[in-house]
Amino acid sequence: MTMLENLIRQDVFTPGPVRMADDILRLGTVQTPYFRNEAFSQLVLECERWLLKIANAPAGSRVVFLTAAGTAAMEATVMNLLAQERPAAVINGGTFGQRLVDICELHRVPVLQVKVDRDPLSDGSALKELGKVDALLVTAHETSVGHLYDLHATARFCRDQNCLHVVDGISAFITDPIDMQSQGIDALIISSHKGLALPPGLAMVLLSPAALARVHGSCSYYFDFASHLRDGARGQTPFTPAVSIFLQLHERLRQIVETGIEAEWARAQSVAEYFRRGISRLPLAPYSTHMPNAMTALEMTNRASAMDVVRELESRHRIMVAPNGGDLRDRVFRVSHMGATSINDMDRVIAALAEIL
Ligand SMILES: *Cc1c(COP(=O)(O)O)cnc(C)c1O
């Protein structure tokens, strides 16, 4: 088998990329249409309208579409909304929280870190000691450890402080309840290859009117929100977008709006719960007590190495799950429930795990 054949026969249960539905997949095989015209503008405007509806964004909100990985949207948000002289607080409970810290520091935004380990933040105690900040940055689902934060609690903090609530919702959007109005979110960062179950390449930032008012001149040519918002008003992007992924995004959003986002949450929840029941007799324990529907992080309860389990799932079953790095390398691995994963798919993973363990 060639390397390419090997790659395309993988069964992915990683937190990005995720399995795509067949009809969406087929849309990815058409010729790329021209995009500097009215027809494509209409498609982009409809995508913006549907995204804002699905996120229950407040009236007057807008979307910036970037052709980039999710991290670019994180960095662009910091560059366009935060400032060097004004401190921001960052919830740091894993790799993605740390990434927000690193991005802020690179751009010389003073950071107050809230270091937490699987604290849902619900009781507000972790935030009590924080001084005055201009923004609070939180990862809705800290994908590195499969842990969900209480966005209502972080929203309360932001309301009291009158600061921006910036949420990296990349691995929560679509599978887990995200509601910009009830969770008081000012900037919601999302990307194409997680819950939306599209190819990687599109990253989006949903901006509330309060966030829009804070957009300032950015030192980046490509990531300048002001120019994206200006062109976006007529359904265009300043530079060539990932046109093909936009076609798939449009169809995916159309379907979600038609059935309602609640159905997506329920579907992901039932798949996640089915998987968690299925592995309950195996020497594995959930790593967090506040797990998202998007994914399950599992800790080994026997002496086997998590990294060996990940390798054997791939070599014996072509099943791709996500290993952890650092201290958790031998203790934790992660199984995603995002995208077009069914109960049958979970049965395959459960059976493979039972055989290996
Ligand atoms: C996947 C992910 C990202 C972005 O990753 P990219 O590789 O840059 O697309 C950011 N935040 C979270 C929480 C994620 O799960």
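Modeller: This is a predicted model. Start at I245, which sits in helix α9, residues 243-259. I245 counts as buried because its relative accessibility is 9%, and the cut-off for buried is under 20%. Beyond its sequence neighbours up to four places away, I245 touches S192, L198, P199, P200, G201 and L202. Take L202 from that list: its C-alpha atom is 7.2 Å from that of I245, though 43 residues separate the two along the chain.

Now look at helix α3, residues 38-54. α3 packs against α9 at an angle of about 45 degrees, and the axes are 9 Å apart. That angle makes α3 oblique to α9. The crossing is left-handed. On the α3 side, the contact includes F40, L43 and W50; on the α9 side, F246, L247 and L253 are among the residues. By class, this contact has 14 nonpolar, 1 polar and 3 charged residues.

Next, the charged pairs. The structure holds 18 salt bridges. One of them joins R19 to D345, with the closest N and O atoms 3.8 Å apart. R19 lies in the loop between β1 and α2, and D345 in helix α12, so the pair ties together parts 326 residues apart in sequence. D345 is buried, at 8% relative accessible area, while R19 is partly exposed, at 26%.

Another salt bridge links D134 and R86, whose closest N and O atoms are 2.6 Å apart. These two lie in separate loops, so the pair ties together parts 48 residues apart in sequence. D134 counts as buried at 16% relative accessibility; R86 counts as partly exposed at 33%.

Key. Residues numbered from 1 in each chain as written. Predicted model: local features only at pLDDT ≥ 70, side-chain atom pairs only at ≥ 80, totals over all residues. Heavy atoms only, no water. Helix = DSSP H or I, 4+ residues; strand = E, 2+ residues; numbered from the N terminus. Buried < 20%, exposed > 50% of the residue type's maximum accessible area, 1.4 Å probe, protein only. Contact = heavy atoms within 4.5 Å. Axes fitted to C-alpha atoms, helices over the stretch in contact; angles between N-to-C directions. Parallel < 35°, antiparallel > 145°, perpendicular 65-115°, else oblique. Left-handed = near helix turned anticlockwise from the far one by under 90°. Nonpolar A, V, L, I, M, F, W, Y, C, P; charged D, E, K, R; others polar. Salt bridge = Lys/Arg side-chain N within 4 Å of Asp/Glu carboxyl O.
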